[in-house]
Amino acid sequence: MTAKRSVLPGWFSGLSIKLIATIVGVIFTVAVVVYLPTIANYRASWLDDRLRIGVVAARVLDAVPDVMALPRNLTDRLLASAGADAIVYRREGQSQLIERADAVTPTLAVTADMRQRDYVTLIMGALDTLFSGGGTRTLRIVGEGDFSESLVELLMPERPLRRDMLEFSRNIVLVSLLVATFTALALYLVVSRLFIFPVRRLTANMLAYRRAPENASLIIVPSTRRDEIGIMERELAAMETDIFSMLRQRRHLADLGLAVAKINHDLRNTLTSAQLLSDQVATLDDPKVQRLAPRLVTTLDRAIGFAQSVLDYGRESAAPPVPAPIDLRSLIDDAAFDARLVGHPSIAFVNGAPAGLRINVDGGQFARVFLNLLKNAREALEASGTAIPDPQVKVQVEENADGLAVSVIDNGPGLPPRARDNLFIAFEGSARAGGTGLGLAIARELTEAHGGRLIFVDVPQGTRFDVILPSAVRLP
Ligand SMILES: Nc1ncnc2c1ncn2[C@@H]1O[C@H](COP(=O)(O)OP(=O)(O)OP(=O)(O)O)[C@@H](O)[C@H]1O
Ligand SMILES: [Mg+2]
């Protein structure tokens, strides 16, 4: 109940920030993935455009028998329209060349072979141009001419291509940014409305309700959604309603318990006064009184005993155990003494706990466990009178993988059916005159508070209860 209290995270932490980060990450990744083929395509079509002009030039070169005879201004115009320094045309082992008058021999040339059009080559080429094409590199564009087995080559500086590609990239980045911003915003708004708002509402409600579970106005009002969040809201509302009524019921029961305790206390005092009177009456000589007095005394004794047990039960169950090292054998001896088994005129008591076995438990509470079990055994044996030859109560200790088992065994009549049906249920389990039915319920509660178990073991003759303790309580 006292676990650390949480607080609702702010709007830009928690789920929202994770959502924004995811959207931005995904859009960025998609943009990069889409950008590479796009820029590669752009470069390919740019080069194709130049090559097309080269092919036109090649047609001219193919038509004239002597290239040298072509007028200079015509070749210059052809070269200028392709943006090339030189065009080479190769066909059937022969090659023709036109070049600008001021052309210099290229120092560093890269080849863009447009006959290879697979995406890897195109993307690698684009990246190469972008990263290394900023200098004075010369580009050699190779492509097929009009005729089979003819080749056209254009030589030109790489810089204009790179400049165009950069400009194109800039546009892509701008458009992507715009698209990303709008998509992210739209996605964020939709997801916020659909998920984050409702989840925050649920979270805030849980936090508030946990602080004041007895305030019914804090029970969440579920929406009419039919999805998982709707189910969550309805389930939470149902859970909160249940908790609310359970708490209210508990409080009423606790109040009733207090009232019972008060009445019981007064009753016990009144009965004690009656007991004193009955003691006085018992001393009278009247034979009628002498016959009735003992019954009166036992009846009052029982009533007082009952009132006392109910009072004890109310007090007892609240205290958590305070463990301390204790010797098991002497703890059982003390409990047997309190249960009036030590020195009993007819019942033999055997304490089978080994000497020197120490356990770490709340001594007071554990003595009560064994007191109840041993008392029950004595009461059962006493009630059967002489029907049982050699009545005996025995305690034996066994250590196994389960832990430490302390058994209380008697050779009495065994559990009556009524007791069997309501075993360990407070006020219900009693099957003997004057019993409250608390002994076994208290014994089990105390054992469980120590992390142990109290079980009834069905044996052919007599009764056996095992107190099983976790191995951790055994001290070396
Ligand atoms: N060793 C036993 N042999 C026979 N019957 C037993 C034995 N132990 C318990 N019982 C039966 O189980 C019933 C429940 O026992 P429990 O100790 O819970 O209540 P109780 O002895 O009747 O009352 P209380 O212990 O509160 O005075 C008893 O009334 C008795 O009938
Ligand atoms: Mg009992």
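In the predicted model described here, an oxygen atom of ligand 1 lies 2.9 Å from a polar backbone atom of L440, a pair that falls under the definition of a polar contact as two N or O atoms within 3.5 Å. Taken alone, ligand 1 exposes 590 Å², of which the protein buries 93%, the accessible areas being computed by the Shrake-Rupley method with a 1.4 Å probe. An oxygen atom of ligand 1 is also placed 2.9 Å from a polar backbone atom of L438, and the side chain of S430 has an N or O atom 2.8 Å from an oxygen atom of the ligand.

The shell around ligand 1 consists of 21 residues, the closest being N376, D410, S430, A431 and T436, where a residue is counted if one of its heavy atoms lies within 4 Å of the ligand. At least two residues of this shell are supplied by each of α8 (363–384), α10 (439–449) and β12 (463–469), and the largest share, four residues, comes from α8; helices (H or I, at least four residues) and strands (E, at least two) are DSSP runs numbered from the N terminus.

Residues are numbered from 1 along each chain as its sequence is written, while chains are lettered from A and ligands numbered from 1 in the order in which they are written. Local features need pLDDT of at least 70 and side-chain atom pairs count only at pLDDT 80 or more, whereas totals for chains, interfaces and linings use all residues, and side-chain values use heavy atoms, with hydrogens and water left out.

Notes: A polar contact is a pair of N or O atoms within 3.5 Å; within protein, one must be able to donate a hydrogen and the other to accept it, and residues adjacent in sequence count only if both atoms are side-chain atoms.
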